[in-house]
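Trainee: Could you walk me through reading a sheet and its loops? I have the model open.

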Amino acid sequence: MNSGLVMYEEEFRLIAGICDRLTRDANAKVVFLVDKNGQLIASSGQAQNLDTTSLASLTAGNVAAMGGLAKLIGEKEFPNQFHEGEKESLHMSIVGGRVVLVVIFDAKSSLGLVRLRVKKAGEELAKVFEVLAKKQATPGAASPFAEITDDDIDNLFSE
Amino acid sequence: MSFINYSSREINCKIVYYGPGLCGKTTNLQYVYAKTNPDAKGKMISLATETERTLFFDFLPLSLGEIRGFKTRFHLYTVPGQVFYDASRKLILKGVDGVVFVADSQIERMEANLESVENLRVNLGEQGYDLAKIPYVVQYNKRDLPNIATVEELHRLINPRNVPEFQAVAPTGVGVFDTLKAVAKLVLTELKKGS
């Protein structure tokens, strides 16, 4: 079975910091980071009015579909995507092969600026995810759920 | 593939509803959505054609409550059932933690059921999963229709692994939550074992 992603406090703070900085540096409205399987990892900027769970799931679906298309034409993947709207635009970038960095921006920013800032932030994020992967692969990194009991699980469904 | 977040104390798991076209996968999700407390659910997304056939997937995020201080969240997905959407089905299985196979109980759909189970087995295999090991439950849907196979026959054909199985009438909710609870429980039990 493939092991899932585990996020620890320390790395989460680093990731949130990178996303916050990217939001400022790129003049973005919202920045969010999504696992390729559709789980939201972090968000920054004016995300409170957005349905980030749906955004995360659709981002993953979109990246997966584009990845499928890429393979059909002999590419490994499309690491960067840009979708231009009337007012708001969306930039997606695959980081470290595993997560997707999404930037939503309007006329206050530009594609060039976003691309530039995303490149730098992407490199920083990739390093954090490398550390995370190593941490997870360390022998003895027991499943945090090893201690839950059958009763705990049953209680979840008791009502 | 579960996502355990120590920072927000959350655990997220992905469940996929699989099965032949028109077997009731989307109807299962619609019933769950309709009957779940607004606090415990997010928006349901359906990427469907104009005739309401699933084109890519349906998505429904659910919160089940807490285990030892961790919020448990389940992301429910359906796949498009029609045979020619196979490329999309493969994508949706990525990172799956548990599978519900929704079978259409009508005798004339038996071949479609078998074809879909085999397709599930192959597509899971391509992602590195084994249908014989993954948390898996089977639902025999449309039990209210006249021309249906017996549960014994369905069991023999579709459920040789003898996983938990449920009879259902998805539009009225019969068996819908039992199926969901069973697969969620299997997923959490698997997580407890550690991956």
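Predicted model: local features only at pLDDT ≥ 70, side-chain atom pairs only at ≥ 80, totals over all residues.

Trainee: Which residue of β5(A) is the bridge partner of Q81(A)?

Mentor: M92(A) is the partner of Q81(A).

Trainee: In what order do the five strands form the sheet?

Mentor: Read across chain A: β3-β2-β6-β5-β4. The sheet is open, and its pairing is antiparallel. At the edges sit β3 (40-45) and β4 (80-84) of chain A, each pairing on one side only. From one strand to the next, the twist averages 15°.

Trainee: Which strands does helix α1 of chain A lie across?

Mentor: Helix α1(A), residues 9-25, lies across β2 (30-35) and β3 of chain A. Its angle to β3(A) is about 35°. Helix α2(A), residues 52-72, also packs on the sheet. It touches β2, β3, β4, β5 and β6 (99-105) of chain A, and its direction makes about 65° with that of β2(A).

Trainee: Now chain B. Where is K142(B)?

Mentor: In the loop between β7 (136-141) and α4 (151-158) of chain B. K142(B) is not a glycine, yet its phi is positive, about 65°. R9(B) also has a positive phi, near 50°, and is likewise not glycine. R9(B) sits in the loop between β1 (3-5) and β2 (10-18) of chain B.

Trainee: Why does K142(B) count as buried?

Mentor: Count C-beta neighbours. Buried takes 20 or more within 10 Å. K142(B) has 23, so it counts as buried. R9(B) has 13 other C-beta atoms within 10 Å, so R9(B) is partly exposed.

Notes. Residues numbered from 1 in each chain as written. Chains lettered and ligands numbered in written order. Pairing = 2+ DSSP bridges. Helix = DSSP H or I, 4+ residues; strand = E, 2+ residues; numbered from the N terminus. Axes fitted to C-alpha atoms, helices over the stretch in contact; angles between N-to-C directions. Contact = placed C-beta atoms within 7 Å. Buried ≥ 20, exposed ≤ 12 C-beta atoms within 10 Å, placed from the backbone.
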